[in-house]
Amino acid sequence: VCRTIGLRETWYFGLQFIDSKGYIAWLKFDKKVLDQDVPKQSPVGFLFLAKFYPEDVEEELIQEVTQHLFFLQVKQSILNMDIYCPAEASVLLASYAEQAKYGDLDPSNYGSGRLSTEELLPQRVIDQYEMTPEMWEDRIKEWYADHKGMARDEAEMEYLKIAQDLEQYGINYFQIKNKKNTELWLGVDSLGLNIYNQDNRLKPEVTFPWSEVKNISFKEKKFVIKPVDKKASDFVFFAPKVKINKLILELCVGNHELFMRRRRPDSMEIQQMKTNASEEKLRKRLDRAKLAKEKQLKEQALREKADLERKLMRMQDEVRNAQEQLRRSEETTELLAEKARVAEEEAQLLTQKAAETESEIQRIKITAIKTEEERMLMEYRAREAEMIATKLLEDSERRAKEAEQLREELTQAKMSEKMAKDTLLEVTRAASPNFQSTVYPLSSLTSDLSTFHLDPPPSTEDGEISCELLTEGDMAQLSHEIEKERVEYMEKSKHLQEQLKELKSEIEVLKVEEKETELDRIHEESVQRGDNKYSTLRQVGLSLFQTSSPSLNDFVLRARRLSDKLLSQGYVCDQLTSSLRKFYGRYGELLIHYDVPLSRMVDDILS
């Protein structure tokens, strides 16, 4: 068989069959087939299988055919659930299996239903999850797409590298019993012997590596494992049949021999095989690179061909469009020629209409000339009416100016009359012998007074002439005006105080009390008492006024007597004003108390 398929790593494989008693057995190569316990039926079935497994597939498997045979056997063991594989690892291994079988993913050929037609996942994994076959296929397809460009041998090697890390990889299980008649499992693999509980074949309870096993032997159903450590006791178990012990011993001897061979230098045959395998892999790698490059060039050529075909189709479309446009242009030219003929006829018709319109315009111009003459006549009449209205307006303005001038003359006459009265009063009061040379001589007033009818001022029995300057009504009016001004001022002051109070409340939160001065505290106390500048001055002025004069009427009478005395002594108006201002300066506190402006008091007295 090995010679037929070109297999040189023969030490891993064997021919398995079922003996006449129904137990698994392997053919021995040093004995004739008929000398072994093969069935007497015809034909006899043999399975060509891997009998022993490598520790590291990437380092030990040399030939590609060896690798492929291990891939097929391990894959079938996983799908048959002889080797436990979790769901996620099953999906990944299925993607590598697809890459090894079909090459790169072709979405157009990879349709749905692949899971039903091919065995990709263990049935245990499919039954454990509530997922449809399409959902599993989508998961496998995602991994499958990531393996693009990977060759078949590379995909198979990746599959084996993942599978060799599974717990049940490369282990042959046998049912045994210990001295206490407890059922156990014995596992034989490339690393040693493992003892498992009956219900757990993943995690061994006891392990005997080949490096720690000194001797193994059996006698009928009894099997003994002797460790290298002399202090350790022998492990004894019992098999159901003697043939099982023979098979166990055969597997132990073969695995132990391979274990020792791996730790010795390779033989010349192995070295030659590895060299040839390396050269073969390098050659295949170069061939694959060359093939990939050719494939890339082919794809590029196909893309360029497709581009050229698209360009050709586009140019053909452009030619068809150009022909269509040419046909439309010809049709448009014919249509334009027809329109030009119609336009020419319309132009002739319009020329005729223009001539008619010109004659109509001439007629309208003649009519417009007559209308223009009538319009000019109307404008002439309008200008005449405008001139008449302007003349009337000027007469009205002239008469208004004359009336204004008469009013001014009347005002001047009244002022002259008043001045004459004042002059007469001064002359009359200056009639004393001590003041013969008055400022206004009587002789200079003769001509002025002759034009007015003035009544002489009233005289008393002792010959004294007097003139009342301020009556009781004037005093009441003066008091009313003073009170009115004070009320207006207080209203304005109240509005201002409200604005200041609002501003103070806004900035009070930002105030730093540590930086407050003595003046600030005094002012704050005054504000809390309700005092201000004017209330303080009123209080001071009231106290002075109460000690100096009982009432404002008395103050006015005293001012009036002072003015009469100054007039009787011959003081002119400017001197009288200056004296009165000095007098008011002495009694300024009274004016402050009553809020009376000084200039207004002087003007009232002088009037």
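Which residues does the UniProt annotation "binding site" cover? The legends below start there.

**View 1. The annotated site, from the UniProt record.** In the unreviewed entry, "binding site" takes in Lys28, Phe29, Asp30, Lys31 and Lys246; UniProt positions are given in the numbering used here, feature names are shortened, and such annotations may be inferred rather than shown by experiment. Lys31 sits in the loop between β2 (24–26) and β3 (47–50), while Lys246 belongs to helix α9 (residues 242–262). Helices (H or I, at least four residues) and strands (E, at least two) are DSSP runs, numbered from the N terminus. A heads-up on the model: it's predicted, so local features need pLDDT of at least 70 and side-chain atom pairs count only at pLDDT 80 or more, though totals for chains, interfaces and linings use all residues. Residues are numbered from 1 along each chain as its sequence is written, and side-chain values use heavy atoms, with hydrogens and water left out.

**View 2. Helix α4 crossing helix α7.** The axes of α4 (residues 87–102) and α7 (residues 133–146) come within 8 Å and cross at roughly 65 degrees. Those axes are lines fitted to C-alpha atoms over the stretch in contact, with angles running from 0 to 180 degrees between N-to-C directions. The crossing is right-handed (the near helix is turned clockwise from the far one by less than a right angle). On the α4 side, Val91, Leu92, Ala94, Ser95, Glu98, Gln99 and Tyr102 meet Trp136, Arg139, Ile140, Trp143 and Tyr144 of α7; contact means heavy atoms within 4.5 Å. The residues of this contact split into 8 nonpolar, 2 polar and 2 charged (Ala, Val, Leu, Ile, Met, Phe, Trp, Tyr, Cys and Pro count as nonpolar, Asp, Glu, Lys and Arg as charged, and the others, Gly among them, as polar).

**View 3. Glu118, a buried charge.** Glu118 is in the loop between α5 (114–117) and α6 (123–128). It counts as buried because its relative accessible area is 17%, and the cut-off is under 20% (1.4 Å probe, protein chains only). Beyond neighbours within four places in sequence, Glu118 touches Glu98, Lys101 and Tyr102.

**View 4. The nonpolar cores.** The largest core has 52 residues, and Ile78, Leu193 and Ile225 have the most contacts inside it. Helix α9 gives the most to this core, with 7 residues. A second, separate core of 10 residues includes Ala87, Leu121, Val125 and Tyr144. A core here is a set of buried Ala, Val, Leu, Ile, Met, Phe, Trp, Tyr and Cys residues joined through side-chain atoms within 4.5 Å.

Key:
Buried < 20%, exposed > 50% of the residue type's maximum accessible area, 1.4 Å probe, protein only.
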